[in-house]
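Visitor: Can we walk through this one together? I'd like to begin with charged pairs.

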Amino acid sequence: MEKSKPSRPPGNDGAQLNPRTTHREFFGFPGSVAVMTITTIVLYVWNFSCSEATGCQLPVTGSQWAAIAAHAADYRSYLSLEALAYYVLWWSWLAMLYFVIPGRTVQGVTLRNGQRLDYPINGLSSFLVTLCTAAMVHSKFGIAPFLWIADHFFQLAAASYIFATTQAMFVYLRSFRRPSSGAQPVMLALAGNSGNPVYDFFIGRELNPRIGTLDLKYFNELRPGIMGWVLLNVSFAIKQQHTLGYISNSMWLAIVPQICYCVDTLLFESKVLTTMDITTDGFGWMLSFGDLTWVPVMYSLQARYLAFHPVHHSTISTVLIAVMGLVSFLVFRLSNSEKNAFRTNPNDPSLSHLRFIKTESGSKLLISGWWGLARHINYTGDWMYGLAQCLATGFDTPMTYFFSAYFLVLLLHRNYRDECKCREKYKKDWDRYCEQVPYMFIPYVI
Ligand code: NDP
């Protein structure tokens, strides 16, 4: 897997290639500290207030908060070398598959230095090999390893947190390396070169840190966390089966769509190469923690809750939740596929019915089909899909709706960042586009 031939624009030295960051995301230093602190507190709160031992109640009283603080201070109960060793094994296993599983190679977008990096498309095959391996583990050891995962959930979460933070420190420090003479300067993210170590560590200083051909950002984005999420869900379902003797309809309603979402992500792996995460953001704590800890730990909350608090839906509510999940998935998938197909080949005959406007930047913007309904109809489908999974947990606690609330904030913030990016890229053409497609998320509403 070779890097494509770099074309090096004249005068492309480190200082020109990597200008000082003037606009800091997330309100800079205080925002970075706030995000790191709040997300860490959320992990503790959602673990120690929503578990088999405690039930699942949003902490509101002083004594409930004191109990969480006491649990958090008792670090010996959740810092485990055994869990850390298993976590490192998991990450290393998937890194090994990244190298050895065959797959086509695709090029990422053209970088500021004119270079295009190569990426292997073998995430889905790595997932299938991992599934087969899990099946072999099951046939040899039975359900014991999966029960261990469910029972040591927070030890594994803590292990992933330590790993993610260490990885973020590693890539931050390594971003200061001096390239050997004649080599390209290290390419930094435009938003990650402020000179403030805390902010740069958080947002990510280097754009595409690589160890040999292992692209850390691309690898972390879709593999250990996404596949870890599936493994956790399966382990919680096995735990419920072990405890109850069956798997509740609510568990199926929660985990089947989530597993489909993960498979869909891996099936369309190459699409990640054009997302903001890969093209624009550096690889720092935000993505390292987000990919390795936040996604598997917080996104598997519904299955974790249902494992100790099974909810039984009537046939009608089962059908309603399933239909809501299916429809929202179709909105999400079809809208994303339509834009991806259009961006890949705007002259594709199957897209000839779509109307678009031409812009001075050279790109075209769709104004009919899914993208004529609302400027981010894909976000709407994605959010509704997550809500359907939260509804599977019933209404006994608001805590299991965390994902919907958080995802709403994430998508609103992402929408804001994307609108800023497009406004800058398309200038007055973007205003023209907004006149043609006035709604952001829901046609005729907002
Ligand atoms: P989008 O797929 O919405 O892509 C936005 C880009 O598409 C714009 O910057 C612009 O780029 C292009 N574009 C916008 N409007 C048009 C148009 N009318 N015609 C053609 N191109 C257009 O952004 P994301 O990468 O944020 O999201 C992808 C998916 O990932 C979404 O469904 C989202 O919900 C999901 N997601 C899920 C997350 C999770 O944690 N589960 C987190 C983040 C995203 P340009 O013109 O430069 O090509």
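Visitor: What kind of link do the side chains of Lys239 and Glu52 make?
Guide: They form a salt bridge, with N and O 3.9 Å apart. Keep in mind that this is a predicted model.

Visitor: Where do Lys239 and Glu52 sit in the chain?
Guide: Lys239 is in helix H10, residues 224–244. Glu52 is in the loop between strand E1 (50–51) and strand E2 (55–56). The pair joins distant parts of the chain, 187 residues apart.

Visitor: Why can side chains like that pair?
Guide: Side chains can pair because they carry opposite charge and their charged atoms come close.

Visitor: How many salt bridges does the rule count?
Guide: The count is 13.

Visitor: New topic. Which domains is the chain divided into?
Guide: Domain 1 covers 18–312, and domain 2 covers 343–446. Their centres, taken over C-alpha atoms, are 25 Å apart.

Visitor: How many residues from each domain are in the contact?
Guide: Domain 1 gives 31 residues and domain 2 gives 18 residues. About 2300 Å² is buried between the two domains. Carbon and sulfur atoms give 64% of that area.

Visitor: How many salt bridges cross that interface?
Guide: The rule finds three between domain 1 and domain 2. There is also a salt bridge between the side chains of Asp281 and Arg417, at 2.7 Å from N to O.

Visitor: Which helices supply the domain 1 side?
Guide: Helices H2 (28–48), H11 (249–267), H12 (276–279), H13 (285–299) and H14 (301–308) each supply at least two residues of the side that touches domain 2. H11 gives the largest share, seven residues.

Visitor: Now the ligand. How many residues surround it?
Guide: 25 residues surround the ligand. The closest are Tyr379, Asp382, Arg414, Lys425 and Tyr426.

Visitor: How far is a polar side-chain atom of Tyr379 from an oxygen atom of the ligand?
Guide: That distance is 2.6 Å. Arg343 has a side-chain N or O atom 2.7 Å from an oxygen atom of the ligand.

Visitor: Which ligand atom does Tyr261 lie 3.0 Å from?
Guide: A nitrogen atom of the ligand, reached from a polar side-chain atom of Tyr261.

Definitions and conventions: Residues are numbered from 1 along each chain as its sequence is written. This is a predicted model: local features need pLDDT of at least 70, side-chain atom pairs count only at pLDDT 80 or more; totals for chains, interfaces and linings use all residues. Side-chain values use heavy atoms; hydrogens and water are left out. Domain bounds come from an automatic or database domain assignment. Contact means heavy atoms within 4.5 Å. Buried area is the accessible area (1.4 Å probe) that two parts lose on being put together, summed over both. A salt bridge is a side-chain nitrogen of Lys or Arg within 4 Å of a carboxyl oxygen of Asp or Glu. Helices (H or I, at least four residues) and strands (E, at least two) are DSSP runs, numbered from the N terminus. A residue is near a molecule or strand if one of its heavy atoms lies within 4 Å of it. A polar contact is a pair of N or O atoms within 3.5 Å; within protein, one must be able to donate a hydrogen and the other to accept it, and residues adjacent in sequence count only if both atoms are side-chain atoms.
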